[in-house]
Amino acid sequence: MKELQKKILEEGHALSESILKVDSFLNHKVDPSLMYSIGKSFAEHFKDMGITKIFTIESSGIAPAVMTALQMDLPMVILKKKESKILSEDVYQTTVHSFTKDSDYELTLSKKYICPEDNILIIDDFLANGEASKGTIRLVEQCGAKVTGIEIVIEKSFQPGRKLLDKQGYHVYSLARIKRLAKDTIEFMD
Ligand code: 5GP
């Protein structure tokens, strides 16, 4: 997506060879017009595929996910990051390792917001090692529902997440695919 690539080049900062900071339009301050365009592209890609709900992970996936949900006229569910396990029959939980914080959290989903008949579309801001996506897939599949697709705003294609999800047969659609990051350098895949 050209508009997104342009924004990443203008406002993104490669903090290292593995971390891209996009605080000015996605992770801290949000550009609603760009989020709307992202939602349009995401909605178009998975239209007519029987999606019943959109799942995202708090907090940076919310803006692109809600714009997609609006344009697909679907409900959106935010998976919560809890510090510890909740001993309750009412939730599904799985442990996920955070790439940016280098710590674990309990990804949590209320059983009220999913049913075995659901076809879920997962949306997140970044794809790195695929831990957040894999955790979300585990929760969906624990319920017996299906993951129909995964949509990512910025994929760091040099990290293992994309290959791993492809290998497991998931349909991944990313709007910006980064081939290489270095201090002050951002290179996209062709
Ligand atoms: P993964 O679970 O695929 O290893 O990492 C994805 C999650 O880590 C995303 O939800 C995102 O919040 C965070 N993340 C991974 N890489 C980056 C990055 O380069 N920049 C920012 N801002 N967040 C990242």
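In this predicted model, an oxygen atom of the ligand lies 2.8 Å from an N or O atom in the side chain of Asp124. A polar contact is a pair of N or O atoms within 3.5 Å, so this pair qualifies as one. The protein covers 89% of the 500 Å² of accessible area that the ligand has on its own.

A backbone N or O atom of Ala132 is found 2.8 Å from an oxygen atom of the ligand. At Leu20, a polar backbone atom is 2.7 Å from a nitrogen atom of the ligand. Leu20 itself belongs to strand 2, which comprises residues 20-21.

The view may now be widened to the whole shell. There are 16 residues around the ligand, and those that come nearest are Leu20, Asp124, Gly130, Ala132 and Lys156. Sorted by class, the shell consists of 7 nonpolar, 5 polar and 4 charged residues.

The ligand takes up the space of the largest pocket. Two elements give two or more residues to the shell around the ligand, namely strand 7 (119-127) and helix 5 (131-143). Strand 7 gives the most, with 4 residues.

A database record can be set beside this picture. In an unreviewed entry, UniProt places the feature "binding site" at Leu20, Asn27 and Lys156. The lining of the largest pocket includes Leu20, Asn27 and Lys156. Leu20 and Lys156 are also among the residues that come nearest to the ligand.

Technical notes: Residues are numbered from 1 along each chain as its sequence is written. This is a predicted model: local features need pLDDT of at least 70, side-chain atom pairs count only at pLDDT 80 or more; totals for chains, interfaces and linings use all residues. Side-chain values use heavy atoms; hydrogens and water are left out. A residue is near a molecule or strand if one of its heavy atoms lies within 4 Å of it. A polar contact is a pair of N or O atoms within 3.5 Å; within protein, one must be able to donate a hydrogen and the other to accept it, and residues adjacent in sequence count only if both atoms are side-chain atoms. Accessible areas come from the Shrake-Rupley method with a 1.4 Å probe; for residues, only the protein chains shown count as cover. On a 1 Å grid over the protein atoms alone, a cavity is a set of points where a 1.4 Å probe fits but cannot get out, and a pocket is an open set with protein on both sides within 12 Å along at least five of seven lines; lining residues have an atom within 4 Å of a point. A molecule sits in a cavity or pocket if more than half of its atoms lie within 2 Å of its grid points. Ala, Val, Leu, Ile, Met, Phe, Trp, Tyr, Cys and Pro count as nonpolar, Asp, Glu, Lys and Arg as charged, and the others, Gly among them, as polar. UniProt positions are given in the numbering used here, feature names are shortened, and annotations may be inferred rather than shown by experiment.
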